[in-house]
Amino acid sequence: MGLPNASEDLSSEMEVDAFRRLFPLRYFERHLAESIRPDARSLSRARNTTISMGAVASADGSALAKIGSTTMLAAIKMEVMTPSLESPDEGCVSIDFHMPPICSPLVRPGRPAEAAPVVAKQLSDTISSSGMINLKELSLVGGKAAWMVYLDIYCLDADGALFDAALLSAVAAFSNLQIPTVSLDDGKIVMLPEEQKEENSEKEPVNKEKRKLTLGGIPFSLTCILHKNYILADPTSEEESIMETLVTVVLDSSNQLVSLYKPGGAVLAYTSAVQDCIALTRQRVKELHQILEEAISGMEID
Amino acid sequence: MAAKPSTTTTAKATYSPIDPTRKTRPPIFSGSDVDWLRPDSRGFHQCRPAFFRTGAVNSASGSAYAEFGNTKVIVSVFGPRESKKAMMYSNIGRLNCNVSYTTFATPIRGQGSDHKDFSSMLHKALEGAIILETFPKTTVDVFALVLESGGSIRFLVKQVDELDTLWFAVGDLPVVISCASVALADAGIMMYDLVASVSVSCLGKNLLIDPVLEEESYQDGSLMIACMPSRYEVTQLTVTGEWSTPHFNEAMQLCLDASAKLGKIMRSCLKEAASDEQE
Amino acid sequence: MVGLSEGEQEFIKGGIAQDLRSDGRKRYTYRPIYVETGVIPQANGSARVRMGSTDVIASVKAELGRPSAMQPDKGKVAIFVDCSPTAEPTFEGRGGEELSAELSSALQHCLLGGKSGAGAGIDLSSLVVVEGKVCWDLYIDGLVISSDGNLLDALGAAIKAALSNTGIPSVHVAAEAASDEQPEVDISDEEFLQFDTSGVPVITTLTKVGKHYIVDATLEEESQMSSAVSISINRQGHICGMIKRGGVGLDPSVILDMISVANFVSRQLMDKLDSEIAAADADEDES
């Protein structure tokens, strides 16, 4: 036998860092056999997760989400549009996911990252199918004007589990969203001046009651790596590059399955493995829900 | 054929609601007189509070985050790493710079595009400070993302759907340059000195240091300097508008003094990061 | 790309240090300048400027447009430079793009002044026809045909010459239309307004080689530069724009010294250019 045995023999005399670079898979498998990961996590543990609300002052709603060192900045800007004929009393949500060159050594200017369109598609599918946002709430004047919600998510640091972090930042940005008060002026929607908000002057705001969106079932997700019989929750980019079979489960707050992705990979998953992933996600949803609640209430105290 | 200024011929399908009672001209500028306040009530010769932190992006060789008032910038440095295949052999290192904006950096949602002009200015401001001989045949990439552009929120025009030029605050560039030099230091790239950059706007007879977008829109001239404070050398300098020589001297001195102070802030940020690491 | 042997490099540097450059010029002497105007009949104004083997063309086209919402009382000017592959094989395809972008942005810096319009070589408010509704858009195109250094100064001179050659058709505005409609305009074929170019500055690039700086550097001399500064100065001796063109850092006192040198040199250049332009215009009228 060639390499694997050679690595076995060398491992006793080689420095740890050199071994990690030369035989990454061996290095990981050795850890996994001890039920621990190189960053001292147990297999099923997700990394430390934080959310900070209102990170972008120029946006109507924004949030910064961090899972380990993976960082996502989501910001929402509201613009006015004429609704389409098919759905005259509905607004629209447009979601963009960007991976600027700062986020990873793999992305170069002018050449968009391969992962970006995949995550973008997953995000808009998940958010639209979860029913989190009621598009009817975005209507301003039936058939005439409705909100166009631009959600832009920037990956500031890419270290694995991009979709999980992106979805978390998107959800947080939506719960941070403050819809501007507007009124109808000459067929056009205009911003209500600050001083007129209190005293009820000649212009009546058209959306006085609707400053916040009521979010329906909030989707949360967890990505796991399947490798042999191991299931690793919330992988880093190093783990993703070595072991390639990923399963992403999206559940809403009442534990209903929103979506499930297993885009190929070398490992064929047994249904039991998928069920384990779902169970892990169920736990993670509880955690994330609490983190989000804390972030929201932290915002209100300020 | 000249590239036509971006007059958006295709009418935008959506628009931002704007407060119609807002005056197009902010009250800051009334002729030549001295008795007006800056929009953020700073003194004329007072910079915005500056904040730097290194290590914003873990996957980069070095990185820094800078915040000057509303301007927020992240710079990542990658490398020295292999140059692009098409590049010819070079016995000194290459520097590659790119500056881009987020779609929400400006008050009106933009395209989030690359800023070619800033990229080339950033390159020129840094190339004189980096010891390129220390990494022959390889490239150092300096990438900047402007998260938020300077200028207070929702200062805008009456008819936005006609807005044909995106107004980036030129005042963002000094922040990008200073932040990039902190990121380069964080990445351990050899430099002669840090590069600190400051701009001034000239309105009437007054010089305003570190202007925000509103002030820039009414300025008569502007001067931006990037310098190496300890060596007292200017690496980049751009001037627009009409300046008499004495007036120019005054503005340059003002910038140099401010850069020296900014350099101290940058240095203390790096020292702090280094001492944290040792502990 | 200039490939020079070490001996040649020393020769150029040594010559500059002794105030005798390889083509016999002194440090602050220009190569002979030739100006030809009206070279492109379809444009509203055009000029060709040659300095040694550097050869550039500038053209001005005027079109009616709408003023921007930010500045309803001003016209718009766009400056764009293209580097032709005839000047250098590396300009083929996208090769010249970086240089073109750099030159375009430097020209905008040097000629268009501050946002309020102060120090602008081109008076934007004179381009307005109806405030907030109709204005002239000037498209200024520069083309580099042959490159032997000092492109920015040559382009600046060519634009100045092209503008002095520019006639803008006079416009008659039809009776006041409703306030939110575009007024109808009638462009005259015969009457032209001469463009006022007295305020257009000239650009002087000082290239630092060793301890000294030189004007109008050739390509070979530019390859030996440690840094360069382009300064645009108007008739009144005021700085209208300045941009450092890369290279190593400069001491602030050196920059101030450069400004005073540029002030002195640009006056000569301006006189020379004005007389060349006048002669070229006279030539054109005769033919």
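User: In which hand, left or right, does α2(B) pass α4(B)?
Analyst: We're looking at a predicted model, where local features need pLDDT of at least 70, side-chain atom pairs count only at pLDDT 80 or more, and totals for chains, interfaces and linings use all residues. Residues count from 1 along each chain as its sequence is written, with chains lettered from A and ligands numbered from 1 in written order. With the near helix turned clockwise from the far one by less than a right angle, the crossing of α2(B) and α4(B) is right-handed.

User: How do the axes of α2(B) and α4(B) run relative to each other?
Analyst: Helix α2 of chain B spans residues 172–186 and helix α4 of chain B residues 245–278 (DSSP runs of H or I, at least four residues). Their axes come within 11 Å and cross at roughly 30 degrees (lines fitted to C-alpha atoms over the stretch in contact, angles from 0 to 180 degrees between N-to-C directions). Since under 35 degrees counts as such, the two helices are therefore roughly parallel.

User: How many nonpolar residues are in the contact of α2(B) with α4(B)?
Analyst: B:Ser178, B:Val182 and B:Ala185 of α2(B) meet B:Leu262, B:Met266, B:Cys269 and B:Leu270 of α4(B) (contact: backbone-placed C-beta atoms within 7 Å). One residue there is polar, none is charged, and the nonpolar count is six.

User: Which strand gives the largest share of the side of chain B that touches chain A?
Analyst: Across the interface, 30 residues of chain B contact 34 of chain A. β3 (71–82), β4 (94–101) and β5 (138–148) of chain B each supply at least two residues of chain B's side (strands: DSSP E runs, at least two residues). The largest share, four residues, comes from β5(B).

Conventions: Angles under 35 degrees count as roughly parallel, over 145 as roughly antiparallel, 65 to 115 as roughly perpendicular and the rest as oblique. Two residues are in contact if their C-beta atoms, placed from the backbone, lie within 7 Å. Ala, Val, Leu, Ile, Met, Phe, Trp, Tyr, Cys and Pro count as nonpolar, Asp, Glu, Lys and Arg as charged, and the others, Gly among them, as polar.
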